[in-house]
Amino acid sequence: MLRIILLFLLSPSLAAAEPPRKIVSPIIEDGILIIEGSIDSHIYDYLTFPNPKMDSVHSVRLNSFGGNHNWGMAIAEKIQQRGWTTRLNRGDICASACVYIFGAGQKRIAHSTAWFGIHGARLGAGYMVEFAQQCLDGETLVDSPECQELEKKNYDLNLNATREAFQLIENTGVSEDLWNTYWAFEDTPKWFLNFNFIKKPDWVLTAPEALDFQLVTALVGPPMEEL
């Protein structure tokens, strides 16, 4: 047994491997709740479970490509209730469900180099699997009454969830023009290949552009100090 353990520890391939990364999100540092990586239930749990450090929090720093829509909404509601400030530092990204969390901040501060990725809700792998099995033939959409009915059901679910998310951030002062501009985009013809049931294209918005929609309330950047 000892020989097996030594061989395991001294294996060149294992010795060269990087040590496992530490999970550091969410974490509270100097009154800032840092959320990085995937948006999911563990972040909501962190906000919900008793934590003496939570009383010191005044703002939330985000850097995330998004994650689960429903958990993102639940986290956004928590942040909105607490009146925290949300922020993006130099080069940070806030996409998908992260946008609702950022938009829920009472004040929303972003570095000029940060950017947002906005798209409609995409709810649940189950919907995608069902639709793919019944209504996709390779990269072609099957034209049948059953598929039209399934498409309409998924369209309604995703549209309602998306509009609810935009309305949530409108409650903190984000302009309705953000929704109106997004909704005015032309539909994407191959929407079904990425299960984008409301069909609007993904929208990349820079922090200065986001200021025009009040998604950002204060912009930080050169020559000012980094957040």
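The side chains of Asp202 and Arg122 are joined by a polar contact of 3.0 Å (a pair of N or O atoms within 3.5 Å, where one must be able to donate a hydrogen and the other to accept it; residues adjacent in sequence count only if both atoms are side-chain atoms). Keep in mind that this is a predicted model, where local features need pLDDT of at least 70, side-chain atom pairs count only at pLDDT 80 or more, and totals for chains, interfaces and linings use all residues. Residues are numbered from 1 along each chain as its sequence is written, and side-chain values use heavy atoms, with hydrogens and water left out.

**Around Asp202**
- You will find Asp202 in the loop between α8 (176–183) and β10 (203–206); helices (H or I, at least four residues) and strands (E, at least two) are DSSP runs numbered from the N terminus.
- Asp202 counts as partly exposed because its relative accessibility is 48% (buried is under 20% relative accessible area, exposed over 50%, partly exposed in between, with a 1.4 Å probe and protein chains only).
- Beyond its neighbours within four places in sequence, Asp202 is in contact (heavy atoms within 4.5 Å) with Ile118, His119 and Arg122.

**The whole chain**
- The protein chain has nine helices and 11 strands.
- Of its 227 residues, 44% count as buried.
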